Amino acid sequence: MIKIIKDDTALWDEIEHCHTLFFSEYVQNWYSAFLAQRTDSHAQFVKDFINPIFNNLCLCNLSDMDIYISDFKNRFKSTFNKNLHKDDTDLKAIKEYLNQIYDYGKFSKNENILSNHSKKEHWNRHTLLSAIPVKICPYCNRTHISSYADEEGKQKTTADCDHFFNKATYPFLALSLYNFIPSCGVCNERFKLAIDFHKARHLYPYDRCFDSAGVSFATRSTDSSLSYLTKFTHDFEIMILNPSDDSEAGNSIKTFRLKELYQSHKCDAIDVIEDSIIYSKSQKKEFQSTGLFSGESEIERYIPSRYVYDSTKNPSRPLRKLINDIFLEVEEYIMISNAVSTS
Ligand SMILES: [Zn+2]
């Protein structure tokens, strides 16, 4: 799990601006059309719930989304005097109405331009996901997300649009910008499905990630001395350590089957282990003493599997967290081994 970094303020201002225009030019019309057609008790419930928060739903953050979900549940209980159940006919009728207002299908295929935008841009699922500067799936950190132009020059993306709070359970969040998580198809369609992230809390990529939860990758083998690290065999397991037992991180690891999937990256781990040994701290000092390099950072550039780990930037290559953590693990192993051998 890696964080989605919003370091390009101008870009994010533009994304928010386009999505706000889309809300005011399209979703507002869908809502007005709905209000003009419906006067029944379910429509009244929708109106009472949506009216105070309509504009906020466009750019709301995680804590706001939490508040709206709780408010929806409480209103339903007090209005219909019963708990929410997915097969309840009143709930189904309300969701049906909300789907007409927050119509994700229409947004996905929208070919109309934003009339109040200086560039007269289309704004739909593909253009929005292409604009978000995420190149690697934040849930698994294994798969590239790519944008391209089709035969007609239209912007397309290979990303799935995951709804962090799934749209089947929470249709009023179906078009909220920060409920969209650009992700790979495996994470979205095979593992996430309609799991309710409001009930079972998971790491929310705009706020938290493995780094902030204190989670790290490591290797483990029956060889307790860790000397297997220098044998370059596949006789080890890739572990995901969660020392503070962070429940959100634990749920994310489980839902996206990360421990199981990362076992297929042992070859990548071995590449890192080899490089960590060849370019150990003492080795780097020797390289530096030749006078051929300006400093350690220049030597780092020559390490095949290594690229500078910068948690303040969105990664452009997969497996960044795995590579960094294994590199540090081996570096520590070598340091301890050297200390033992010289004592
Ligand atoms: Zn993924």
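This is a predicted model: local features need pLDDT of at least 70, side-chain atom pairs count only at pLDDT 80 or more; totals for chains, interfaces and linings use all residues.
In which loop does Asn81 lie? Asn81 sits in the loop between H3 and helix H4 (89–101).

The secondary structure of the protein chain consists of 14 helices and six strands. Along its principal axes, the C-alpha trace spans about 85 × 50 × 30 Å. Of the 343 residues in the chain, 30% are buried. Among contacts with a separation of 6 or more, 70% are between residues 24 or more positions apart.

The chain is divided into two parts, domain 1 (9–192) and domain 2 (210–342). Their C-alpha centres lie 38 Å apart. Where the two domains touch, domain 1 gives 13 residues to the contact and domain 2 gives 12 residues. On the side of domain 1 that touches domain 2, seven residues are nonpolar, three are polar and three are charged.

Helix H3 covers residues 62–80. Its 19 residues, at 1.5 Å a residue, should span 27 Å, and the distance of 27 Å between its end C-alpha atoms agrees with this. The buried residues of H3 are Met65, Tyr68 and Phe72. Helix H2 (41–50) is included in what covers the buried residues of H3. The face turned away from the buried side carries the exposed residues Ser63, Ser70, Asn74, Lys77 and Ser78.

Just after H3 comes Asn81, with a positive phi of about 55 degrees. Most residues other than glycine have a negative phi. Asn81 counts as exposed because it has 7 C-beta neighbours inside 10 Å, and the cut-off for exposed is 12 or fewer.

Strand E3 (residues 160–163) and E4 pair in the antiparallel sense over four bridges. One of the residues involved is Asp162, whose bridge partner in E4 is Ile181. From strand E4 (residues 180–183), Phe180 and Pro182 point one way, while Ile181 and Ser183 point the other way. All four of these E4 residues are buried.

Helix H7 (residues 185–192) has Cys187, Asn188 and Lys192 as buried residues. Seen down the axis of H7, the buried residues fall within an arc of 95 degrees, so they line one face of the helix. E3, E4 and helix H9 (247–255) are among the elements that cover them. Glu189 and Arg190, on the other side of H7, are exposed. After H7 comes Leu193, with a positive phi near 50 degrees.

Another residue with a positive phi is Leu319, at about 65 degrees, although it is not a glycine. Leu319 is in the loop between helix H13 (296–300) and helix H14 (320–342). Is Leu319 buried or exposed? With 20 C-beta neighbours inside 10 Å, Leu319 counts as buried, since the cut-off for buried is 20 or more. Asn81, by contrast, counts as exposed.

How values were computed:
Residues are numbered from 1 along each chain as its sequence is written. Domain bounds come from an automatic or database domain assignment. Two residues are in contact if their C-beta atoms, placed from the backbone, lie within 7 Å. Ala, Val, Leu, Ile, Met, Phe, Trp, Tyr, Cys and Pro count as nonpolar, Asp, Glu, Lys and Arg as charged, and the others, Gly among them, as polar. Helices (H or I, at least four residues) and strands (E, at least two) are DSSP runs, numbered from the N terminus. Two strands pair if DSSP finds at least two bridges between them. The expected span of a helix is 1.5 Å times one less than its number of residues. The arc is that of the directions from the helix axis to the C-beta atoms.
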